[in-house]
Amino acid sequence: MHESMAEALTLQGLQGAVWSTVSSDGTVAVDAAGTRDATTGAVLRVQDRVHVGSVAKTVLATGVLQLVSEGRFALDTPVSQLLPGVAFDNPWAAHSPVRIRHLLDHTAGLDDARLADMFSLRARADAPLSTFLDGRTLRVRSRPGSRHSYSNTGYALLGMVIEATTGARYETYLRDQLLHPLGMHDSTFAFTTQAGPHADPRLAMGHFEDGAAHAAVPMFLRPAGQFTTTAADMGRFARFLMGDGTIDGRRLVDAALLRAMGRPHGTEAARSGLRVGYGLGMATRDRHGAVGVCHGGSTVGYRAMFCLFPEHRRAFFVAINADHESADYGRLDRLLIQSLDVSRPSIPPDASSATDASAWEGYYVPAPNRFARLEWIDTTLNFARLGSDGAALRFQPLQSPALTLAPMGGALFRADDRTIASHAVFVAANGNRAISTGLQTYERIPRVKLLALWTSLVAGLLGMAWLLVVGLARIAGGTRAFVKQPVMVPFLGIVALLLPLPLFLRQSFLAMGDLTLASGTLAVVSALLPVTMAAGLILILRRRVWSATAVVDALAMAGVLQWTLVLACWGLMPVRLWV
């Protein structure tokens with residue numbers, strides 16, 4: 001196994017990995033391969049500590065379930081009762097308030113996070129958790145409990161719930177009441193990094209492409225993704241989650257709650273019979289020929305995966321100290337799954353009682369999409385076309401390969417590379433047809449709306465291209481004559497969009513969500529773009545010289561102007577990365 005993992009790391013260009021496996025008799029085995037720091041070439045050891053990103057959510061969720069088990073609050077307790085200072089804009093509040101279960105299940109309908117919450121160098125390790133709210137009202141975009149939509153914001157609120165309930169910092173409470181009783185003495189929710197006052201000599205360095213090392217930085221939403229641990233500690237944690245909830249005769253978590261982790265509850269997809277989905281801090285995941293209860297994670301320079309296979313009483317954890325966009329991390333997962341021997345045959349298709357596939361044909365968009373600010377992008381560029389082929393469905397996303405979905409009876413369908421049903425179709429409460437993977441729901445959209453969005457996009461891009469090319473051509477014909485032409489102002493408005501680029505190249509990408517010279521300049525030049533288009537149109541109208549060239553220039557300016565107005569209506573213009 002060690003050789004296979006080491007070879008996979010080398011082939012993917014990854015620095016190193018630590019992993020643990022839990023066998024059916026409860027034995028925890030740990031191993032490591034690769035380097036802990038590319039700058040020194042030091043070997044990664046099994047006792048080295050690693051960051052795990054969103055795997056922290058599973059540990060934090062277990063602490064919340066511990067409080068539920070103690071009767072401190074219930075899964076169905078409204079969050080507003082525990083956090084009265086947090087304001088929700090929830091159209092369904094009268095009948096469906098945001099509850100603790102919804103935060104745990106990512107079904108609260110909340111936005112994932114703002115860019116400023118995730119990419120900032122202004123976060124402090126000791127700041128109050130409520131800092132990220134900054135007096136904002138949290139918008140609820142789908143009826144609480146109805147649909148999964150991953151939300152780091154929701155788990156930050158759970159950290160606040162722990163603090164409001166216990167009167168202690170969530171890091172301290174979970175250390176004393178959960179981690180230490182489980183024997184996880186090498187794990188912490190406190191901030192650790194590789195340099196500076198919070199430096200941990202046992203913490204492996206994180207890396208990006210080409211072996212670029214990067215020390216960890218504090219985050220605003222730290223309950224959602226800040227956790228340091230070891231492979232051995234995660235093995236102990238996995239063993240506990242597959243047990244009866246007791247340690248040395250003391251009950252920490254009700255066994256029924258542990259068994260419910262990974263089971264979607266109450267969503268439209270779950271009510272349609274779909275087993276895959278998220279529940280109480282973990283997700284039922286069908287990958288590599290095995291169905292497990294898992295959670296992945298990524299953070300500055302790290303990737304991780306944690307999976308339980310309760311029916312086999314086996315589990316694995318793996319953390320890689322390299323975050324490469326192009327790497328196939330699933331290859332490492334597959335090796336560990338094979339070593340545990342937990343694969344299962346695929347359930348055969350069943351068309352005998354399948355729904356009429358042709359009734360679901362059409363175009364579908366994410367509903368809700370993960371990041372509220374990017375709704376226009378996901379609606380326009382991340383739509384999927386659903387077609388039918390007899391009893392089967394063909395799911396064709398714009399930006400990824402098509403999936404053939406075999407009927408599994410009723411409203412359920414299975415992708416070719418899955419062992420159980422992977423998709424469910426249903427009619428939503430608003431009457432729209434929808435399809436869900438359990439983790440993402442798509443609603444059918446009228447073709448005319450999608451066509452209008454694409455027409456707006458194409459008109460805007462063509463207009464910008466025309467004004468840029470024509471502007472350059474007319475400058476080549478003589479700058480003095482160009483200055484007097486109406487196209488000059490729109491041309492300069494487009495060229496100005498390039499001004500922030502060198503400023504962004506000089507700052508850390510981790511400051512992308514901060515108000516900096518680069519992001520401030522981007523906001524100014526993007527705000528000026530529609531102004532320059534309107535100015536150009538006014539100059540053309542005043543001239544009243546309607547040559548063919550002038551008409552095309554005016555159409556180009558109008559095309560860009562309407563596109564910027566559409567983007568403004570969707571909250572994308574001007575481009576303000578820090579809000």
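Q: In which hand does α16 pass α18?
A: The crossing of α16 over α18 is left-handed. Keep in mind that this is a predicted model.

Q: At what angle do the axes of α16 and α18 cross, and how close do they come?
A: Helix α16 covers residues 488-495. Its axis and that of α18 come within 7 Å and cross at roughly 165°. Angles over 145 degrees count as roughly antiparallel. α16 and α18 are therefore roughly antiparallel to each other.

Q: Which residues meet where α16 and α18 touch?
A: From α16 come Val489, Pro490, Gly493 and Ile494. From α18 come Leu529, Thr532, Met533, Ala535, Gly536 and Leu539. By class, this contact has seven nonpolar residues, three polar and no charged ones.

Q: Why do residues three or four places apart point the same way in a helix?
A: An α-helix has 3.6 residues a turn, so residues three or four places apart point the same way. Now look at α16: Val489, Pro490, Gly493 and Ile494 are its residues that meet α18.

Q: Where does glutamine 507 lie?
A: Glutamine 507 sits in the loop between α17 (500-505) and α18 (517-543).

Q: Now the sheets. What is the strand order in the open sheet of eight strands?
A: Read it as β3-β2-β1-β16-β15-β14-β13-β12, with antiparallel pairing. β3 (42-43) and β12 (277-279) stand at the edges. Each has a single partner strand, so one side of each is left without a neighbour in the sheet.

Q: How do I follow the pairing from strand to strand, and how many bridges join β1 to β16?
A: Count bridges, then look for partners. Six bridges join β1 to β16, and these two strands run antiparallel. Tryptophan 19 stands opposite valine 318 in β16. β16 and β15 also pair in the antiparallel sense, over seven bridges. There, valine 318 in β16 is the bridge partner of methionine 305.

Q: Which strand pairs with β15 through cysteine 294 and cysteine 307, and over how many bridges?
A: Strand β14 (residues 290-299) pairs with strand β15 (residues 302-309) over seven bridges, in the antiparallel sense. Cysteine 307 in β15 is the bridge partner of cysteine 294.

Q: How much of β16 is buried?
A: β16 is mostly covered, with six of its seven residues buried.

Q: Which helices lie across strands of this sheet?
A: Take two of them. Helix α2 (residues 55-69) lies across β12, β13, β14 and β15, running at about 110° to β14. Helix α9 (residues 231-241) lies across β1, β2, β13, β15 and β16, running at about 30° to β1.

Q: How do α2 and α9 pack?
A: Their axes are 12 Å apart, at an angle of about 50°. α2 and α9 are therefore oblique to each other. α2 passes α9 in a left-handed crossing. Val55, Thr58, Val59 and Thr62 in α2 meet Met234, Phe237, Phe240 and Leu241 in α9. By class, that contact has six nonpolar, two polar and no charged residues.

Q: What do the buried residues of α12 pack against?
A: They pack against α1 (2-12), β1, β13, β14, β15 and β16. The buried residues of α12 (residues 330-340) include Leu332, Leu335, Leu336 and Leu340. Asp333 is also one of the buried residues. Just after α12, aspartate 341 takes a positive phi of about 55°.

Q: Which strands pair with β18?
A: Three bridges join β18 (residues 362-366) to β19 (residues 384-389), and they run antiparallel. Alanine 384 in β19 is the bridge partner of tyrosine 364. β18 also pairs with β25 (residues 441-445) in the antiparallel sense, over four bridges. Here valine 365 stands opposite glutamate 443. β18 is mostly covered: four of its five residues are buried.

Methods
Residues are numbered from 1 along each chain as its sequence is written. This is a predicted model: local features need pLDDT of at least 70, side-chain atom pairs count only at pLDDT 80 or more; totals for chains, interfaces and linings use all residues. Side-chain values use heavy atoms; hydrogens and water are left out. Axes are lines fitted to C-alpha atoms, for helices over the stretch in contact, and angles run from 0 to 180 degrees between N-to-C directions. Angles under 35 degrees count as roughly parallel, over 145 as roughly antiparallel, 65 to 115 as roughly perpendicular and the rest as oblique. A crossing is left-handed if the near helix is turned anticlockwise from the far one by less than a right angle, and right-handed if clockwise. Contact means heavy atoms within 4.5 Å. Ala, Val, Leu, Ile, Met, Phe, Trp, Tyr, Cys and Pro count as nonpolar, Asp, Glu, Lys and Arg as charged, and the others, Gly among them, as polar. Two strands pair if DSSP finds at least two bridges between them. Buried means under 20% relative accessible area, exposed over 50%, partly exposed in between (1.4 Å probe, protein chains only).
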